[in-house]
Amino acid sequence: NLMGDEAVAVYMVDDWFTPGRVSMYDPVDLLNAQVYAQFFRNSLIGKPAPVLTLLSPDGDETIIPEKGDVSILFFYDTSCSKCKLETMRLRPVLEDIPFPVEFYAIYSGIYQDQWEDYRETRWNLAPENVTIHHLWDPELESGFQMEYGVLQTPQLLLVDRNGVIVGRGLDSDALAALLPSVAPDDYEYGAEDSFELF
C-alpha cells in the first residue's frame with residue numbers, strides 16, 4: 001500500500017519508532033528520523049501537492065501548482081553539478097512532451113545574478129507544449145523545503161491534473177517514463193476509438 005522510499009520511511013517513523021515498538025539506537029537518531037519524516041510527509045506519492053506562492057524574476061507572485069494542469073516541479077541550485085546535468089537531460093524530455101504541461105523551474109538559492117545567468121545559459125529553450133516558469137523564494141517564506149522535502153537538489157516531481165503527486169525523487173528518464181500516465185484521454189465517448197479501447 002506504500003509507494004516510494006519516503007512513504008515507507010514516514011510509516012516506519014510514525015508506526016514503529018515514535019511509539020517505541022522498535023527502539024532507535026539513541027534519542028538523537030529518533031529525533032533525526034522524526035525530522036526526516038516531517039520533511040517528507042506533505043509530498044508523498046498519492047498526496048495532494050502542497051500549494052506554494054513563489055516569485056518570478058520580476059517579483060510577481062505565482063501560485064503553484066495550478067490545478068487542472070499537469071505540472072512538473074524542478075527544484076535546483078545554480079552551484080549544484082548534478083542539477084546542471086539534470087537540466088541538460090531534461091531538455092529532450094521537455095521538447096518531446098506531446099500535450100500541455102506547466103514546468104516550474106524553482107531556484108532554491110538566493111543569488112539573483114547567478115540565477116539570471118543560469119536561466120539565460122541553461123534554460124534557453126522553448127518546447128512546443130511546455131510552458132516554463134522560472135521561480136524562486138529568496139526569503140524562504142513559502143516553506144518549500146518542508147512542503148516538498150527539498151533537503152538536497154535536484155528534486156523533480158510530477159503532479160497530475162487533479163493536483164496529486166504521482167512522482168517524486170525522479171530523474172529525467174523516470175519522468176519520461178511516467179509522463180504517459182498523466183496524458184489527457186483523447187477518446188470521445190461513443191466514438192470508434194473509445195469502443196476499441198473498451
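Trainee: Are Arg168 and Glu6 buried or exposed?

Mentor: Both Arg168 and Glu6 are buried in this predicted model. Buried here means under 20% relative accessible area. The two side chains also meet in a salt bridge, at 3.5 Å from N to O. Arg168 sits in the loop between strand E7 (165-167) and helix H6 (172-178), while Glu6 belongs to helix H1, so this pair ties together parts that are 162 residues apart in sequence.

Trainee: How many salt bridges does the structure hold?

Mentor: There are 4 salt bridges. To read one, look for a side-chain nitrogen of Lys or Arg within 4 Å of a carboxyl oxygen of Asp or Glu. Take Arg41 and Asp14, whose closest N and O atoms are 2.8 Å apart. Arg41 is in the loop between H2 and E1 and Asp14 is in helix H1, so they join parts 27 residues apart in sequence. Arg41 counts as partly exposed at 22% relative accessibility, and Asp14 is partly exposed as well, at 32%.

Trainee: Where do Arg89 and Glu86 lie?

Mentor: Both are in helix H3 (residues 81-96), 3 residues apart, which is about one turn of the helix. Glu86 counts as buried at 6% relative accessibility, whereas Arg89 is partly exposed at 28%.

Trainee: Which residues are linked with them in a network of salt bridges?

Mentor: Asp173 joins Glu86 and Arg89 in that network.

Trainee: And which residues form the negative surface patch?

Mentor: Asp58, Asp60, Glu61, Glu139 and Glu141 form that patch. Asp58, in the loop between strand E1 (52-55) and strand E2 (61-64), is exposed, with a relative accessible area of 70%.

Technical notes. Residues numbered from 1 in each chain as written. Predicted model: local features only at pLDDT ≥ 70, side-chain atom pairs only at ≥ 80, totals over all residues. Heavy atoms only, no water. Patch = residues over 30% accessible without salt bridge, like charges linked within 9 Å, V, L, I, M, F, W, Y side chains within 5 Å. Areas by Shrake-Rupley, 256 points an atom, 1.4 Å probe, with all protein chains shown as cover. Lys, Arg positive; Asp, Glu negative; His and termini not counted. Charge placed at Lys NZ, Arg CZ, Asp CG, Glu CD. Helix = DSSP H or I, 4+ residues; strand = E, 2+ residues; numbered from the N terminus. Buried < 20%, exposed > 50% of the residue type's maximum accessible area, 1.4 Å probe, protein only.
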